[in-house]
Amino acid sequence: MKKIKVIFVLFLVFIISGCTIDISKNKDKVIDKNNKDDEIIDLEEVKSVGVSSSIDNPLNIGDYGLASKYNVYLGKYKDVDVKLSKIYENSEEIVSKYNLSNPDKKITKQTGFKYVVLDYEVTFFDFETESFGDNVHLDIEVVDTTNNNFVVDKVKQVIEVHILKEDLGIVNGGTGTVKVAFAIPSNIGNYLIKFGTYDHTIAYYKV
């Protein structure tokens, strides 16, 4: 009987020792729930590809820039990677469908204005969040190429940006997409889209 107890104890010790996880070695790793094999992704391998930009050195569609976003978890602003990925040619059609589906949140425009719909991506690099993640929308400002508000009939126009769709629950190392819409004067050719918060890092895109 004593031999059986000793064997059983040794068996438990073997099992426990074999299942011990060194937390210190895995503190910066996460499990990819979308991977059937539960592949471990090392966040240290996720590198920022965003670059700085300015009014005089703006980014183009498809380029990765750096923009500021308020980090609720840390209580301060941090930079994220952003990419203006697409501007839709059928923006009017997209907004019309949105307005039909959302009668209480209709996006309106003045006479002589046109709708613009675009997608942008945001990647959280070194951007800590709670376990349930965060949204990825950024502050956006649409201005002319001189970084000033559009002027129509001597009246400055502040462009209101509406979120049509956004990804939620994004954690550190993840990427999400946001679709937004706004209206600008129809006679405008080139203009700037600014991602980020005033007095912090801004990603400038020239369209």
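**Rings, a sheet and a pocket**

Author: Start with the rings. Tyr120, Phe195 and Tyr205 form one aromatic cluster. Keep in mind that this is a predicted model.

Reader: How many aromatic pairs does a search of the whole structure find?

Author: Two rings pair if their centres lie within 6.5 Å. Searching the whole structure with that rule gives 4 aromatic pairs.

Reader: Is the pair of Tyr70 and Tyr77 stacked or edge-to-face?

Author: The ring centres of Tyr70 and Tyr77 are 5.2 Å apart. Their planes stand at 70 degrees. Planes over 60 degrees apart count as edge-to-face. So the pair of Tyr70 and Tyr77 is edge-to-face.

Reader: And Phe124 with Phe127: stacked or edge-to-face?

Author: Their centres lie 4.4 Å apart. The angle between the planes is 25 degrees. Planes under 30 degrees apart count as stacked. The pair of Phe124 and Phe127 is stacked.

Reader: Is Tyr70 buried, partly exposed or exposed?

Author: Tyr70 has a relative accessibility of 39%. Buried means under 20%, and exposed means over 50%. The value for Tyr70 falls in between, so Tyr70 is partly exposed. Tyr77, at 34%, is also partly exposed.

Reader: What about Phe124 and Phe127, buried or exposed?

Author: Phe124 has 0% relative accessibility. Phe127 has 0% as well. The cut-off for buried is under 20%. So Phe124 counts as buried, and Phe127 also counts as buried.

Reader: Which strands are the edge strands of the open sheet?

Author: The sheet has 3 strands in the order β6-β11-β12, with antiparallel pairing. An edge strand pairs on one side only.

Reader: How many degrees does the twist average from one strand to the next?

Author: Take the sheet in its order, β6-β11-β12. Going from one strand to the next, the twist averages 20 degrees.

Reader: How many charged residues are in the lining of the second largest pocket?

Author: This pocket holds about 200 Å³ of space. Its lining includes Ile107, Lys109, Phe113, Glu160 and Phe182. Lys and Glu count as charged. By class, the lining has 6 nonpolar residues, 4 polar and, for the charged class, 2.

Key. Residues are numbered from 1 along each chain as its sequence is written. This is a predicted model: local features need pLDDT of at least 70, side-chain atom pairs count only at pLDDT 80 or more; totals for chains, interfaces and linings use all residues. Side-chain values use heavy atoms; hydrogens and water are left out. On a 1 Å grid over the protein atoms alone, a cavity is a set of points where a 1.4 Å probe fits but cannot get out, and a pocket is an open set with protein on both sides within 12 Å along at least five of seven lines; lining residues have an atom within 4 Å of a point. Grid points are joined across faces, edges and corners, and a volume is the space filled by probe spheres set on the points. Rings of Phe, Tyr and Trp (its six-membered ring) pair if their centres lie within 6.5 Å; planes under 30 degrees apart count as stacked, over 60 as edge-to-face and the rest as tilted. Buried means under 20% relative accessible area, exposed over 50%, partly exposed in between (1.4 Å probe, protein chains only). Two strands pair if DSSP finds at least two bridges between them. Helices (H or I, at least four residues) and strands (E, at least two) are DSSP runs, numbered from the N terminus. Axes are lines fitted to C-alpha atoms, for helices over the stretch in contact, and angles run from 0 to 180 degrees between N-to-C directions.
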